[in-house]
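Visitor: Could you take me through one part of this model up close? I'd like the cut-offs spelled out as you go.

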Amino acid sequence: MLRYVFAAALLVVGSCNLNKDDDENAGICVHSTTKQPKLADCTTNTGLSNVYTYCTDEKIEKDCKNLSAACSNPSSLAEYNDTIVWYKGKKCAESGYTETCASNSSYKASNQTFCPQ
């Protein structure tokens, strides 16, 4: 019986340490996404491009979602190239990314102009 109580106690202590590790590893993913609009053939550039810079709060670095995407007719006549930088121990609101994006409430930007579409 004592063995089971000891095993249960170790399990509780172990799970507390996991939560602490998650908090210590938390950080932000800062995205710089270039949108290159294309014509209907998906190969010809329109000559226009936009760069969106925004942030997401994440528990761990591997939760950063890369939003790079190829052009696909008819759903999206644009190519997206997403570059992500991870900053451990930061929060978006503390890093100048305070505006909530209408396109996705988990995205924060320094102002609405930099929210992805």
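Guide: Let's start with Glu58, which is buried yet has no salt bridge. Buried here means under 20% relative accessible area, exposed means over 50%, and partly exposed is in between, with a 1.4 Å probe and protein chains only. A salt bridge needs a side-chain nitrogen of Lys or Arg within 4 Å of a carboxyl oxygen of Asp or Glu. For Glu58, the nearest side chain of opposite charge is Lys65, 5.4 Å away. On charges, Lys and Arg count as positive and Asp and Glu as negative, while His and the chain ends are not counted.

This is a predicted model, where local features need pLDDT of at least 70, side-chain atom pairs count only at pLDDT 80 or more, and totals for chains, interfaces and linings use all residues. Residues are numbered from 1 along each chain as its sequence is written, and side-chain values use heavy atoms, with hydrogens and water left out.

Back to Glu58, which is found in strand β2. Helices (H or I, at least four residues) and strands (E, at least two) are DSSP runs, numbered from the N terminus. The side chain of Glu58 does have a polar contact of 3.0 Å with the side chain of Thr56. That term covers a pair of N or O atoms within 3.5 Å; within protein, one must be able to donate a hydrogen and the other to accept it, and residues adjacent in sequence count only if both atoms are side-chain atoms. Setting aside residues up to four places away in sequence, Glu58 touches Ala26, Gly27, Cys29, Asp63, Cys64 and Trp86, a contact being heavy atoms within 4.5 Å.

Asp82 sits in strand β3 (residues 78-88), and is buried with no salt bridge. Its nearest side chain of opposite charge is again Lys65, 11 Å away. A polar atom of the Asp82 side chain lies 2.8 Å from the backbone nitrogen of Leu67. With residues up to four places away left out, the residues touched by Asp82 include His31, Thr33, Tyr54 and Lys65.

Tyr54 leads us to the rings. The structure holds 1 aromatic pair: the centres of the Tyr54 and Tyr107 rings are 4.9 Å apart and their planes stand at 40°, so the pair is tilted. The pair links distant parts of the chain, with Tyr54 in strand β2 (residues 50-58) and Tyr107 in strand β5 (residues 104-109), 53 residues apart. For the cut-offs, rings of Phe, Tyr and Trp (its six-membered ring) pair if their centres lie within 6.5 Å; planes under 30 degrees apart count as stacked, over 60 as edge-to-face and the rest as tilted. Tyr54 is buried at a relative accessible area of 0%, and Tyr107 is buried at 14%.

Tyr107 in turn is one of the residues in contact with Glu99, along with Lys108 and Ser110 among others. Glu99 belongs to strand β4 (residues 99-101) and counts as partly exposed at 35% relative accessibility. The C-alpha atoms of Glu99 and Ser110 are separated by 5.9 Å, although the two are 11 residues apart along the chain.

Of its 117 residues, 25% count as buried.
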